[in-house]
Amino acid sequence: MGRVGIVGIGQTQFRSKREDVNSVELVNEAVRAALADAQLTIKDIDAIIIGNMEHFESINYSEMWTIDGSGGYMKPVMKITTGGTTGSTIACAGFYQVSSGMFDRVLVIGWEHLSESDTTGAIASCSDPIWERSVMAGAVGPLAIVASEYMRIHGTTEEDAARVAVQAHKNALNNPYAHLHLDITVDDVLNSAMLSYPMKLLDMCPTSDGACAMVFAEDKSAREITDNVAWVKSVATRHDTAFFGDGGLKHGDKLRSLYLATEEAYTRAGIKNPFKELDVIEMYEPSSWSALTWVDSLHICEPGEAPKLFEEGVLSMKGELPLNPSGGVISTNPIGATGAVRVAEAALQIRGMADRRQVPDVELAMATGFGGSGWSDVMILER
Amino acid sequence: MVGAKVGVTSGRAKQEFNDELLRITMMVDIPYNFSAGTFGSIFFRELKDSRRIMGIKCNKCGEIFVPPRVLCPECLVELSIDDCIEVSSEGTVEGFTVVNFPFIDPNTGKVRNYPYGTGNIKLDGVSNLLWHFLKESDYSKIHNGMRVRAVFEDKRVGLPSDIRYFETIEGEGEK
């Protein structure tokens, strides 16, 4: 199997309401940007993968009616819908398709127009309709429950979580695409509205409109397109059991799927000490509290050490291992695109194209995705 | 926004046109009928008729799960209705929150009542957690490790809501 690389990246402006475009136009905005970055036209694309949590907008067959936006007319088109991981799964699938040898250049697109419906209600409909829907309060409720578990196990404080949100929003100030640009303090987070104890408004990600597209290409084709390729080093995915109530089973304090997926991705990539070897991480953290649990799951610290890493600035832009220079999900969350943005931002870091949010000399970057009852995608990129 | 003038983009400043962008509002009311399945039907019948909470005991690893299901989530052994057993209606809160914001309930299409307490409850003897409502909705009065018991509705219809909520067992302390 030859190498596969990312040669084109396009993001739209992410906003709470993109009323200036319908979904077809939104998709097209990202597609045009990715093709322009790769200096390709849609004629050069062999296959298209489009990702969207379509029932969030109470729609169906979105791969059909967005075809004018995606450029999929008379091409192989596949849609992917895996919850929060949708965007990271399209990246994995782009890698799989090119790796298979079937296609040289695959365009992957993740998008969401969340302002078109009630996002929390829509996410609640993801849970089993009979068993868990009546208690499920979108993403906020279950993530708050996990936060309460983490607090109890590690004695973590609300201030520890607030510090994470402040760092994310501070980083987002350097990212022109980010939805939220908030210059806030720990007190601002602590004083924000209590959504679902212990989760406060500023601990939680927003709901955003936007799209992200990338071009994956096989080795020779990629090198013909550009000499600045973000090469895929390894990918791994782990899914969890169906019920959220099962999630507590032998999980302890970690996100088990992320713990196992990163372990596999490191092994495949030959990474022995991820803390030392990785230069930057774009992690899918739907809330400040989740960031603490998820960081504990990356094999970069001992269980319960995440709050200390944030407090000591280890994961800040000037720290040893910067986390989410983009501002992460806490600043921008167009669900079907969110995971794709993690991969795209990691790829921009590898390619040295991240402007004011660039970490110096990035050789190895990791992106993660989170979705569903607690499953994870991991993609490691290298220069 | 309905009623705004429909314009044409060509030759006009984008800013000017932005004032005329439309949003089309739709309200939908779609009926659904979900199958409870073999194991779900056992669970809801026992709950409705006998106020019993049913789980399933894996015939290989011996772990007990609620609700009963066709496959052991740990060892992936196929389970049968003979593996269904009654479990305790008392347990311990392992994780909780109090939902304190409005959103549309996908079961009804209406805003769900809030605030409400909800938690992961480890029923005594059961290996996994049951996610359900807590009677208490003041988060300062809930803590992980708290002992709770199920309170059943007098009129039960065969839904998870037949367990009205879990209430605090006073004086039992932590477990």
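Before going on, some ground rules. This is a predicted model, in which local features need pLDDT of at least 70 and side-chain atom pairs count only at pLDDT 80 or more, while totals for chains, interfaces and linings use all residues. Residues are numbered from 1 along each chain as its sequence is written, chains are lettered from A and ligands numbered from 1 in the order in which they are written, and side-chain values use heavy atoms, with hydrogens and water left out.

Chain A, then. The domain bounds I quote come from an automatic or database domain assignment. For chain A that assignment gives domain 1 as 4-118 + 209-230 and domain 2 as 134-207 + 233-382. Taken over C-alpha atoms, the centres of these two domains of chain A are 23 Å apart. Contact here means heavy atoms within 4.5 Å, and 42 residues of domain 1 of chain A meet 36 residues of domain 2 of chain A.

Next, buried area, which is the accessible area (1.4 Å probe) that two parts lose on being put together, summed over both. The two domains of chain A bury about 2,800 Å² between them, with 65% of it on carbon and sulfur atoms.

How many salt bridges cross between domain 1 and domain 2 of chain A? The rule asks for a side-chain nitrogen of Lys or Arg within 4 Å of a carboxyl oxygen of Asp or Glu, and it finds 1 salt bridge there. Elsewhere in my notes on chain A, the side chains of Asp37(A) and Arg351(A) form a salt bridge at 3.0 Å, N to O.

Which elements build the domain 1 side? Helices (H or I, at least four residues) and strands (E, at least two) are DSSP runs, numbered from the N terminus. Strand E1 (4-11), helix H4 (86-99), strand E4 (105-113) and strand E7 (209-218) of chain A each supply at least two residues of the side of domain 1 that touches domain 2. H4(A) has the largest share of that side, 9 residues.

Now chain B. Chain B has 2 helices and 8 strands, in the order α-α-β-β-β-β-β-β-β-β along the sequence. Of its 175 residues, 41% count as buried, meaning under 20% relative accessible area, where exposed is over 50% and partly exposed lies in between (1.4 Å probe, protein chains only). Arg45(B) sits in helix H2 of chain B. Is Arg45(B) buried or exposed? Arg45(B) counts as exposed because its relative accessibility is 54%.

Contact between them involves 12 residues of domain 1 and 18 residues of domain 2 of chain B. They bury about 1,400 Å² between them, 63% of it on carbon and sulfur atoms. On the domain 1 side, Lys48(B), Arg51(B) and Ile53(B) lose the most area, together 39% of what that side buries. Between these domains of chain B there are 0 salt bridges, and 5 residue pairs are in polar contact, both at pLDDT 80 or more.

Last, the two chains together. Contact takes 41 residues from chain A and 45 residues from chain B. The chains bury about 3,800 Å² between them, 61% of it on carbon and sulfur atoms. Between chain A and chain B the count is 2 salt bridges; Asp246(A) and Arg69(B) meet in a salt bridge through their side chains, at 3.1 Å, N to O. Polar contacts across this interface come to 20 residue pairs, both at pLDDT 80 or more. On the chain A side, H6(A) gives the most, with 8 residues. That side has 17 nonpolar, 11 polar and 13 charged residues.

Technical notes: A polar contact is a pair of N or O atoms within 3.5 Å; within protein, one must be able to donate a hydrogen and the other to accept it, and residues adjacent in sequence count only if both atoms are side-chain atoms. Ala, Val, Leu, Ile, Met, Phe, Trp, Tyr, Cys and Pro count as nonpolar, Asp, Glu, Lys and Arg as charged, and the others, Gly among them, as polar.
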